[in-house]
Amino acid sequence: MTTHMILSVLLAAAPKVGDKAPDFTVTDTEGKTYALKTLLAEGPVVLAFFPKAQTSGCTRELTGYTAQYQELRKYKATLIAVSMDDLAVQREFKAILSAPFPMIPDHEGKVVEAYDVKMPMVPVAKRRTFVIDRLGTIVHIDEGGDAIEPKGAITALHDLSS
């Protein structure tokens, strides 16, 4: 790794409220492609990173989003759930949850790195949820234990619509 690359990594900061959301194009477990720009034309985006499929915290988090999915849709929001799990694991987890939203296997970590949510030394995303308004600005972030429940994201969507 060159000195320039090391410096870039050290100077990179996680996106925060008020920042422009890093753009992405991803493919879900069903083979459908999603681009942030296109999604924002339809409404706000809730981008939920989770560490590991089929673990207790992640199951609780995504079960909560599954249960609250219609509430999210009330605000015309699109939920995208992302982890570094591979396609087969993500596909199985989506089926177990009967999740009505796209689940993204980001095995190479491109979106995880763009949002600076990779845990050090291991190929696992931190639990962090970003709410992005239609202009592409991050308006709310939940992390850690706060990101297990969808209530923060739903409140942020409600505030956007007011």
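Strand S3 and strand S4 (residues 78-83) run parallel and are joined by five bridges. Strands are DSSP runs of E with at least two residues, helices are runs of H or I with at least four, and both are numbered from the N terminus; two strands pair if DSSP finds at least two bridges between them. The model is predicted, so local features need pLDDT of at least 70 and side-chain atom pairs count only at pLDDT 80 or more, while totals for chains, interfaces and linings use all residues. Residues are numbered from 1 along each chain as its sequence is written, and side-chain values use heavy atoms, with hydrogens and water left out.

Strand S3 itself (residues 45-49) is mostly covered, with five of its five residues buried; buried means under 20% relative accessible area, exposed over 50% and partly exposed in between, for a 1.4 Å probe and protein chains only. In a regular strand, side chains alternate between the two faces of the sheet. In S3, Val45, Leu47 and Phe49 point one way, Val46 and Ala48 point the other way, and all are buried.

Helix H3 (residues 56-67) holds Glu61, which counts as buried because its relative accessibility is 0%. Leaving aside residues up to four places away in sequence, Glu61 touches Ala48, Phe49, Phe50, Arg127, Thr129, Ala147 and Ile148, where contact means heavy atoms within 4.5 Å.

Now to the rings. Rings of Phe, Tyr and Trp (its six-membered ring) pair if their centres lie within 6.5 Å; planes under 30 degrees apart count as stacked, over 60 as edge-to-face and the rest as tilted. This rule gives six aromatic pairs. Phe24 and Tyr115 form an edge-to-face pair, because their ring centres are 6.4 Å apart and their planes lie at 65°. The pair links distant parts of the chain, 91 residues apart: Phe24 is in the loop between helix H1 (3-11) and strand S1 (25-27), and Tyr115 in the loop between helix H6 (110-114) and S6. Phe24 counts as buried at 6% relative accessibility, and Tyr115 counts as buried at 0%.
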